[in-house]
Amino acid sequence: MQPFQEAIVKKLKEEYHTELGKATTKQLYNAVSKAALETCWDTWQKPVTGKTACYLSAEFLVGRLIHSNLLNLGLLGETENLLKDAGINPNVFEDVEDDALGNGGLGRLAACFLDSAATQGVPLMGYGIRYRYGLFKQHFAYGCQQEEADDWLSWGDPWSVRRDDEKVRINFGDQSVWAVPYDMPIIGYGGKMVNTLRLWQAEAIAPFDFNLFNEQKYNDSVQQKNDAEAISAVLYPNDDTDAGKRLRLKQQYFFSSASLQTIFAAYTAKNGTDYSKFADTYAVQLNDTHPTVSIPELLRLLMTQGHLEFEPAFQIVQKTFAYTNHTIMAEALEKWSLSLFQSVLPEVYPYVVLLQNRLSNELVKKNIAETSKYNLIQDGMIHMARMAIYATHSTNGVAKIHTEIIKNSALPEWYALYPERFNNKTNGVTQRRWLALCNRELAAFITDRIGNGWITDFAQLEKLKPYAEDAASRKQFLQIKRTKKDQLADYMYRKDNFGLNTGNIFDIQVKRLHEYKRQLLNAFSILDIYFGIKDGRIKEFNPTTFIFGAKAAPGYYRAKGIIKFINEVANLVNYDNDVNRKMQVIFVSNYNVSYAEKLIPAADLSEQISTAGTEASGTSNMKFMMNGALTLGTYDGANIEIVQNAGEENNYIFGARVEDLEKIKDSYDPKKLYAEQPRIKRVMDTLIDGTLTDGGTGWFQELYNSILEGASWHKPDNYYLLLDFLPYCDARLQANKDYADQDAFAKKCLLNIAAAGPFTSDRTIQQYAEEIWHV
Ligand code: 26W
């Protein structure tokens, strides 16, 4: 046995008094994880020298850690062999639920960044919240989403180390709590660098009141404990609007203050009260505005504990912080009511006023009289994005088009004031999780041809390009795709009790459910194909399986209506014997990181169909690309950079562009399209003519109205579904037709993989490190 295998056996014996063949999955998982953690413990504990970057994020959607950590430590093969020799399925850990401490793109990006930084040798610390319950688990009842708590701790938390001695006190207007850190190792590929993700847990200062207990006031006796623990109890499941909730502001301050206090204390311990090198010691990146209250918090620390005047403190703050914007949707730009902010954070509010005063002076000097678009405090609200731009040295968007939109239409007044602060950092994803681990067959195919350097140097993928011309490679690629479809079929049968036809084209849209992402447009187009096949309008059609996966925010009723609608479409299609040899539709339940790792490698077509100008970047588009799926998408977010690099001719781009929408936005009339285009009318009418039923909820009628009539808060067909409908159907049918020549299709797939080099988060992290953090 290898030393690591022996360490696993020893752990099982010492911790659980059991052995390989007898241990439960949970025991195995914990023993393997703990043994692996020990192998990198010394590297992890080595103090960092030089400048450290800190990534503050309300979400880290790391996913299941055991496989990625073993891969990065080079222990995956040994572990799997040990399991196999003991007669254990090497896939046992697939039953371990992955943690879900994030909603979607923003949280998953943070996790990719941590992996890339540790791999690229960038000292990057993550700081966030250790939610007791992560994003809800989803299941369907009669096609409707039902939510259930995500009790991720039930599997144990072998990768975390609690650091009681480093807890920090956090003061709110009406309560004080402890922030207790739990540290997780972030292991770079090859195990040479191990960074830290520190997640804070809220705990009571006095968890139990004996006096109240003696008076038989049992609930009151644990009140403080409950109130404290509420702060880190649950991840907010909204990823677009902020309800301006008191608890959410508390969460934001909780992890911001804990992180900044720790950083500040570490600095002072080392350098004393000379703060002149603070910004050369720490760079702090704000992942969206959620941690922006860190700005007045650091001011407070520098001025009260560091005894600095405001102006020198401001200079340090500005040099230390940088801000990433992830969305231009107006409703997602965070604002807090002044009275709420003052009551929750009375000790922080004065520093917001100081910031506002400094801004006011600056606007006067610049002769800007109209200040309402700039003021941090305006009309009784505190505007967090404004604060983040004003008090940092860098504001970045997450794809080229997104950064241009920020500069030219979302926040042009700020760009006019500080053009030098704005920059782009196109997102990326880690190829370790999203290719090497989730598609080992394709990884081996690539390594056979170009060696394994791509695992840490993704630009090398370019060397794969000549193999697109090689018939044997194309054939092998198609075989791998089929293998991944078969594996997905097994998984989906177990999870969703659905049988996939693995000879079909797999056309997949997986992402959060949002009107702007247009899952409804996808469903309309599926109905159009369904009617087309039934009516004989579509004669040649390569059998296709349409797959959806998405969670809707629990209070987002329209999104829930769209889920129900798609499930109804699925029933209609799947039970119709006239078409169900040609098409299948399935909405998988509880789409999450682990499901994504199964779905994405099996895809032929990657649905990226957001309304132009709405999806900041998208990151699943990159994961699909590196797994050899072709993009069926709009000119939006990173799709643009993807198809520019891989060739538009090797993808399927359709629909109105930002410039087109800009021109027609005032005259757009969806009712006209509805009246004039029978195919549009037919699919729209399924919402109201009884073809499909919403179970008496009224959701479908509401969706219908939202498109044709609009609503009090938006214009009709706000996201241009009807405008893009026919071009989308055309592009989709073209892709379907092209698939008939599988060999030619495979060539396009290989060209996409070969062009995926720039979309690694390794590249993104290097750009942050060089251009923003200077580490
Ligand atoms: C205040 C509530 C709230 C919560 C989360 C508002 C907004 C968010 C996030 C910014 C939503 C999000 O995840 N945005 C996504 O970020 C990804 C990473 O940059 C991008 O790829 C996606 O396009 C963007 O939607």
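**Sheet, domains and buried residues**

Tutor: Helix α23 (residues 557-574) lies across β17 (544-549) and β18, at about 145 degrees to β18. The model is a predicted one, in which local features need pLDDT of at least 70, side-chain atom pairs count only at pLDDT 80 or more, and totals for chains, interfaces and linings use all residues. Residues are numbered from 1 along each chain as its sequence is written. Helices (H or I, at least four residues) and strands (E, at least two) are DSSP runs, numbered from the N terminus. Axes are lines fitted to C-alpha atoms, for helices over the stretch in contact, and angles run from 0 to 180 degrees between N-to-C directions.

Student: At about what angle to β20 does helix α26 run?

Tutor: Helix α26 spans residues 639-646 and lies across β19, β20 (630-633) and β21. Its angle to β20 is about 135 degrees.

Student: Which strands stand at the edges of the open sheet of 6 strands?

Tutor: The order in this sheet is β18-β17-β16-β19-β20-β21, with parallel pairing; two strands pair if DSSP finds at least two bridges between them. An edge strand has a single partner, so one side of it is left without a neighbour in the sheet. The edge strands are β18 (583-588) and β21 (652-653).

Student: Why does A629 count as buried?

Tutor: A629 is found in the loop between α25 (620-626) and β20. It touches A603, D604, L605, S606 and F624, not counting residues up to four places away in sequence; contact requires C-beta atoms, placed from the backbone, within 7 Å. A residue is buried if 20 or more other C-beta atoms lie within 10 Å of its own, exposed if 12 or fewer, and partly exposed in between, with C-beta atoms placed from the backbone. A629 counts as buried because its C-beta neighbours inside 10 Å number 27.

Student: Is K623 buried or exposed?

Tutor: K623 lies in helix α25, and an unreviewed UniProt entry annotates it as "modified residue: N6-(pyridoxal phosphate)lysine". UniProt positions are given in the numbering used here, feature names are shortened, and annotations may be inferred rather than shown by experiment. Leaving aside neighbours within four places in sequence, K623 is in contact with V429, W434 and I600. With 30 other C-beta atoms within 10 Å, K623 is buried.

Student: Which element gives the most to the side of domain 2 that touches domain 3?

Tutor: The domain assignment, whose bounds come from an automatic or database source, gives domain 2 as 50-63 + 102-333 + 394-426 and domain 3 as 431-759. Their contact takes 36 residues from domain 2 and 30 residues from domain 3. On the domain 2 side, α6 (105-120), β3 (137-141), β4 (144-148) and α17 (400-410) each supply at least two residues. The most, 5 residues, comes from α6.

Student: How many residues of strand β1 are buried?

Tutor: Strand β1 (residues 52-56) pairs in the parallel sense with strand β9 (residues 282-287) over 5 bridges, and 4 bridges join β1 to the parallel strand β2 (residues 124-129). In these pairings L56 has L286 of β9 as its bridge partner, while C54 stands opposite M125 in β2. β1 is largely enclosed by the rest of the structure, because the buried residues number 4 of the 5.

Definitions and conventions: Contact = placed C-beta atoms within 7 Å.
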